[in-house]
Amino acid sequence: MKRELGAWSENVLDYFLNTDQIKTRDGAEIIWYHAANNRSQMKKAIQSAAHMVEADILLCGEEEGNGEPIMAHPPETNSDNTLQTWLNEIVNTKKGIKLDFKSLAAVKPSMMLLEGIKLHLRRPVWINADILPGPNGSNTVVDAKRFLDTVTSFCPDVTLSLGWTTGWQPQQCNKGYSWAMVKEMAQICDALTQPVTFPVRAALVRQSKSELLWLLQKSNRYSLTVWTGMHDEYSIEDLLYLRENFDKSRVYYDILEPQNSEFRKAIGMEV
């Protein structure tokens with residue numbers, strides 16, 4: 001389906017190609033700024049070369065629906081930045097956004113704020129939550145049905161970023177995404193019409209090649225976004241293996257330094 005230029009669900013590569021910010025249909029071209037939560041990080045993100053800015057949202061206030069969405073990642077519970085302020089700043093840039101939710105409480109008030117600035121935010125908007133348990137995952141999942149119902153009722157034309165809770169242990173054999181995990185995700189996403197990207201942990205991807213290829217083949221609406229944990233051990237070869245086996249236009253890389261620069265050098269991209 002051809003999506004409107006500047007629409008929230010427009011393919012990220014199409015948007016940045018059409019606005020002359022990248023040169024090829026390659027997900028590795030997209031530069032990410034991760035955890036742009038407090039005002040200082042937000043300002044750095046705005047001034048950076050990043051195409052997509054990722055931030056985390058919590059609800060300031062105990063009861064669902066009665067607090068204000070703020071920009072923070074657990075275990076932090078306070079912030080000098082609200083979603084309202086964050087959106088007011090980001091709207092003046094050409095950057096796409098990815099908003100990450102760790103609980104349901106902040107979703108509805110955040111979608112209401114997003115809906116209010118829709119006409120001024122003509123670029124990709126991704127909404128992220130971990131909705132299923134994944135490899136070694138111990139964190140609580142966000143209820144899939146309630147999350148999807150809330151997001152799509154207010155903002156039906158976003159791109160959905162739907163992941164699994166995961167863990168990674170050093171000096172152990174860490175299992176990847178199982179067939180049961182990807183099939184459950186496919187079943188949930190089959191009923192959706194939005195583009196969906198699946199955030200997958202870099203240290204777990206190589207051992208999940210068959211399962212993730214199968215998942216991507218279920219729909220041309222699907223893509224992968226590779227992310228990394230702060231202390232994960234994985235090799236640049238793992239990322240290159242991914243590039244060799246998956247469609248380059250359907251895999252994004254939101255990875256930390258120094259691996260990000262090493263990876264971009266290895267594939268001949270500017271650092």
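User: Does R243 count as buried or exposed, and at what relative accessibility?

Analyst: This is a predicted model. R243 sits in helix α9. The cut-off for buried is under 20% relative accessible area. R243 therefore counts as buried, at a relative accessibility of 11%.

User: Which side chain does the side chain of R243 join in a polar contact?

Analyst: Leaving out residues up to four places away in sequence, R243 touches D26, A28, K248, Y253, F263 and I267. The polar contact between side chains is 2.8 Å, and the partner of R243 is D26.

User: Within what arc do the buried residues of α9 fall, seen down its axis?

Analyst: The buried residues of α9 are I236, D238, L239, L242 and R243. They line one face of the helix, because seen down the axis of α9 they fall within an arc of 160°.

User: Which residues are exposed on the other side of α9, and what do its buried residues pack against?

Analyst: On the other side, E237 and E244 are exposed. The buried residues of α9 pack against α7 (202-205), β8 (222-227), β9 (251-254) and α10 (259-266).

User: Which residues lie nearest the centre of the largest pocket?

Analyst: The largest pocket has a volume of about 870 Å³. Strands β2, β4, β5, β6 and β7 each supply at least two residues of its lining. Of the 31 lining residues, those nearest the centre are H73, D100, K102, D130 and W227.

Key:
Residues numbered from 1 in each chain as written. Predicted model: local features only at pLDDT ≥ 70, side-chain atom pairs only at ≥ 80, totals over all residues. Heavy atoms only, no water. 1 Å grid on protein atoms, 1.4 Å probe; cavity = no way out; pocket = protein on both sides within 12 Å on 5 of 7 lines; lining within 4 Å. Points joined across faces, edges and corners; volume = space filled by probe spheres on them. Helix = DSSP H or I, 4+ residues; strand = E, 2+ residues; numbered from the N terminus. Buried < 20%, exposed > 50% of the residue type's maximum accessible area, 1.4 Å probe, protein only. Arc of directions from axis to C-beta. Contact = heavy atoms within 4.5 Å. Polar contact = N/O pair within 3.5 Å; in protein donor to acceptor, adjacent residues only side chain to side chain.
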